[in-house]
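Please open the structure in a viewer and keep the selection tool at hand. The stops below are meant to be followed in order.

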Amino acid sequence: MTFLLNNFVELTVTGLVLGAVYGLVALGYTLVYGVLQLINFAHSEVWMFGSFAAVWVTVAIGAGPDSGIAVAIGVLLLALLAAMVVSGAVALLIERVAYRRLIRLDAPKLVTLISAIGASFALAEIMGLRDRLAESLGLRDELNSYVRSARDNTRFLNPLETHGVFNIGRYTVSNVDIIIIVSALVMMVALDQFIRRTHTGRGIRAVAQDSEAAALMGVNRNRIIRATFLVGGVMAGAAALLYLMRFGVTRWNAGFLLGVKAFTAAVLGGIGNVRGALLGGFVLGLAENYGSALVGSEWRDVVAFLLLVVILLFRPSGLLGESLGRARA
Amino acid sequence: MTEPKPPANAAGPAGATKASPSAATKPVASGGTSSRRFGWDRGALARRVTALPTPVKWLLIALFVVFLYALPLLEIPIISTPDTDFGAVLFTVASYVLVALGLNIVLGYAGLLDLGYVGFYAVGAYTVAVLGSFQAHLSWWMLIPLAVIFSTISGLLLGAPTLRVRGDYLAIVTLGFGEIIRLTALNTEWLGAAKGITQVPRPPSVEWFEIPHLQWDGFTAFIDLGDTTKFLFFGVADQAPYYWLALTVIFLVLGADRMLRRSRVGRAWEATREDEDAAELMGVPTFRFKLLAFACGAFIGGLSGALFASRQGFINPESFQLILSILFVAAVVVGGAGNIYGVTLGAIVVGYLPERFRGFEEWRLLVFGVALILLANFRPQGLLPPRRAKRAIAADEQLEALEEGTARV
């Protein structure tokens with residue numbers, strides 16, 4: 001208990017940072033769920049591919065922590081762009097390969113879940129076997145710096161040096177903390193406005209509300225589904241870069257646990273609810289940090305899941321309720 | 001849309017869906033319509049077998065059962081695994097089948113998506129390990145019932161609060177439950193923590209006689225007297241007796257499953273799965289039946305876990321990864337949720353294929369993932385869908401044809 005009180009500020013800030021990442025990944029789950037009522041199990045691999053794209057950009061440019069601030073910002077923006085593009089592309093690929101046919105057939109939900117699980121396995125394994133794949137393409141030597149030790153942790157050298165900005169109590173808030181929390185909030189507001197104001201956003205809301213009626217009103221359902229996957233993927237790509245800036249390593253199977261947590265965050269906030277995703281992420285991140293300070297960090301995941309069970313018992317549709325369509329008509 | 005089914009349909013092995021509310025009624029032609037859709041008449045073999053006289057049927061079934069028991073001794077060339085002991089692989093497959101049968105009650109009959117089924121499996125395994133070697137030394141005959149009781153209780157404890165939660169949330173809550181069980185085992189010294197538990201008691205052995213294996217040279221088989229299995233000696237090296245034990249348990253579970261499915265309970269599950277509100281209005285206490293399904297599933301899961309632990313002799317939390325739950329669900333859905341034969345087939349696919357191709361260790365998960373996508377996309381009803389699903393497809397097609405005015409009557 002004293003540990004929690006003494007380190008309260010630090011736990012809060014790191015919890016918010018973690019929560020921001022959860023929240024951005026949770027958006028992908030919540031959007032797809034809102035539109036299709038399906039758990040996109042492969043979304044964690046979308047995030048994982050984005051994180052590798054960011055790593056590869058820094059490897060390709062060769063920027064280390066000692067390059068100037070302008071270079072660092074340029075590299076980070078490039079990495080962000082690469083992560084978003086790759087994640088978006090992977091999300092579209094998943095929609096095409098694992099979902100489209102089943103949606104057209106109006107297959108049972110469970111089958112679609114299995115298809116997504118298959119996609120998740122396949123994508124994770126492709127990343128884990130990337131050295132073997134490069135070898136079979138005869139590119140092993142050219143790509144060595146990208147594919148070596150494929151089954152181990154891959155480090156991300158943050159070109160932006162971490163330094164303290166200001167103190168709250170005894171904890172020094174770093175520039176990276178601020179960047180992560182602020183960019184998550186900015187992206188959330190941008191997404192909220194996108195869904196609220198744009199033509200496509202209105203389409204997403206319409207399909208979420210009543211997909212048949214939307215189709216009768218001239219909404220192209222397939223296009224909207226693709227847009228939903230794309231937006232979720234782009235957000236996951238951004239989350240991947242932010243995660244790397246703070247935690248610095250990724251690996252081929254890192255997506256799994258993060259995906260489970262992000263889905264938990266989406267459910268906490270009320271699945272299908274865009275604002276709920278970020279709120280759920282923050283709540284989950286904070287609860288994990290406080291909980292592990294109280295009962296020991298080895299119980300971190302237990303705390304997260306117990307929180308989920310308790311909240312669902314008292315608010316069966318999440319903190320903010322589930323309503324991608326109904327919320328803001 | 002409901003009118004009584006003709007008896008021919010209800011008497012089939014996977015039928016018994018008298019109370020299905022949405023099932024359509026087109027009994028005779030349904031086989032024809034669905035087979036046209038899937039390319040060939042899949043009902044033909046089944047119809048032929050059903051048409052055989054009863055004694056012949058029983059003889060066939062008996063032969064098949066004997067064949068199943070003899071599998072580890074036959075060492076049939078292509079089926080037998082080159083890289084690992086075939087008896088051990090067969091046990092693994094059998095425990096997958098057992099787990100899949102249990103999960104099928106939860107997922108296939110009651111329609112509850114349980115992504116934490118490995119939790120029950122772990123409870124069963126840990127009961128045997130902790131009470132059999134780590135903290136106490138109970139006899140194996142005591143341990144199995146205890147394991148089953150504990151896992152059933154854990155199923156009730158998990159189900160009572162969470163089954164009120166809506167379907168999709170249940171998936172994540174149960175997934176969390178599975179992780180909580182594993183992490184608790186990992187973090188508790190009393191349960192062996194990360195080191196795990198060794199010297200888990202094996203089933204008591206009786207050594208009656210030895211059975212020789214076959215040896216193949218091309219297509220001719222010899223009896224190999226140098227390679228024998230001691231009948232009912234539960235050791236480390238030869239795993240065939242564990243397979244026989246598991247197979248026996250599977251037959252018992254299949255019998256119980258069949259009785260449950262054809263009883264009031266089975267019909268209540270089906271009604272709940274198809275439309276919970278309608279079932280409730282018709283006077284089915286849906287919550288209680290869902291809880292019962294959870295308990296039955298947990299019972300079988302715990303039993304399977306207990307067998308696993310006593311075969312393995314050693315368990316640690318690594319054996320109960322989340323991924324296992326997902327493989328279990330995959331087994332049920334790939335085979336065809338709701339049909340015990342389909343589920344068995346799915347479990348064999350999921351349990352056996354990775355073992356058979358252990359030589360390709362590195363690539364097998366990739367291939368497995370791709371296979372799941374392909375199976376889901378091209379066999380959305382599962383490899384062997386339950387009859388009701390087939391009838392539903394036929395009815396849908398008929399409706400569609402009527403709507404579009406292309407009905408071929």
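Begin by selecting residues 199-209 of chain A, which form helix α9. The model is a predicted one. Within α9(A), the residues A:Gly203, A:Ile204, A:Arg205, A:Ala206, A:Val207 and A:Ala208 are buried. What lies over these residues? The cover of the buried residues of α9(A) includes α2 (8-36), α8 (175-197), α10 (211-216) and α11 (221-247) of chain A.

**A pair of helices from that cover**

Keep α2(A) and α11(A) displayed and hide the remainder. The two helices pack with their axes 9 Å apart, at an angle of about 170 degrees. Since angles over 145 degrees count as roughly antiparallel, α2(A) is therefore roughly antiparallel to α11(A). Colouring by residue class shows 20 nonpolar, four polar and one charged among the residues of the contact between α2(A) and α11(A).

Select A:Gln37 next, in the loop between α2 and α3 (43-61) of chain A. This residue is not a glycine, yet A:Gln37 has a positive phi of about 55 degrees.

**A serine inside α4(A)**

Move to A:Ser87, which is placed in helix α4 of chain A. With 32 other C-beta atoms within 10 Å, A:Ser87 is buried; the cut-off for a buried residue is 20 or more. Which residues touch A:Ser87, apart from its neighbours within four places in sequence? The contacts of A:Ser87 are A:Val46, A:Trp47, A:Phe49, A:Gly50, A:Gly233, A:Val234, A:Ala236, A:Gly237 and A:Ala240.

**From α4(A) to α5(A)**

Now display α4(A) together with α5(A). Their axes are 9 Å apart, and the helices pack at an angle of about 145 degrees. The crossing of α4(A) and α5(A) is right-handed. To view the residues that make this contact, select two groups:

- from α4(A): A:Val90, A:Ile94, A:Val97, A:Ala98, A:Tyr99 and A:Leu102;
- from α5(A): A:Val111, A:Thr112, A:Ser115, A:Ala116, A:Gly118, A:Ala119 and A:Leu123.

By class, the residues of the contact of α4(A) with α5(A) comprise 10 nonpolar, three polar and no charged.

In the loop between α4 and α5 of chain A, select A:Asp106. A:Asp106 is another residue other than glycine with a positive phi, here near 60 degrees. A:Asp106 has 8 C-beta neighbours inside 10 Å and so counts as exposed.

**Where chain A meets chain B**

Bring chain B into view. The contact between the chains takes 34 residues from chain A and 33 residues from chain B. On the side of chain A that touches chain B, α4 (69-105), α5 (109-128), α12 (254-269) and α14 (300-314) of chain A each supply at least two residues. Which helix of chain A gives the most to this side? The answer is α5(A), with 11 residues. Taken by class, the side of chain A that touches chain B has 26 nonpolar, three polar and five charged residues.

Of its 16 residues, 15 are buried, so α12(A) is largely enclosed by the rest of the structure. At 1.5 Å a residue, α12(A) should span 22 Å, and the distance of 23 Å between its end C-alpha atoms agrees with that. Just after α12(A), select A:Gly270, where phi is positive at about 105 degrees.

**Into chain B**

Finally, hide chain A. Chain B contains 16 helices and two strands. Chain B has 409 residues, of which 45% count as buried. Among contacts in chain B between residues at least 6 apart in sequence, 75% join residues at least 24 apart.

For the last stop, select helix α7 (residues 140-162) and helix α12 (residues 286-312) of chain B. The two pack at an angle of about 145 degrees, and their axes are 7 Å apart. The crossing of α7(B) past α12(B) is right-handed. The contact of α7(B) with α12(B) has 15 nonpolar, 10 polar and no charged residues.

Methods. Residues are numbered from 1 along each chain as its sequence is written. Chains are lettered from A and ligands numbered from 1 in the order in which they are written. This is a predicted model: local features need pLDDT of at least 70, side-chain atom pairs count only at pLDDT 80 or more; totals for chains, interfaces and linings use all residues. Two residues are in contact if their C-beta atoms, placed from the backbone, lie within 7 Å. Helices (H or I, at least four residues) and strands (E, at least two) are DSSP runs, numbered from the N terminus. Ala, Val, Leu, Ile, Met, Phe, Trp, Tyr, Cys and Pro count as nonpolar, Asp, Glu, Lys and Arg as charged, and the others, Gly among them, as polar. A residue is buried if 20 or more other C-beta atoms lie within 10 Å of its own, exposed if 12 or fewer, and partly exposed in between; C-beta atoms are placed from the backbone. Axes are lines fitted to C-alpha atoms, for helices over the stretch in contact, and angles run from 0 to 180 degrees between N-to-C directions. A crossing is left-handed if the near helix is turned anticlockwise from the far one by less than a right angle, and right-handed if clockwise. The expected span of a helix is 1.5 Å times one less than its number of residues. Angles under 35 degrees count as roughly parallel, over 145 as roughly antiparallel, 65 to 115 as roughly perpendicular and the rest as oblique.
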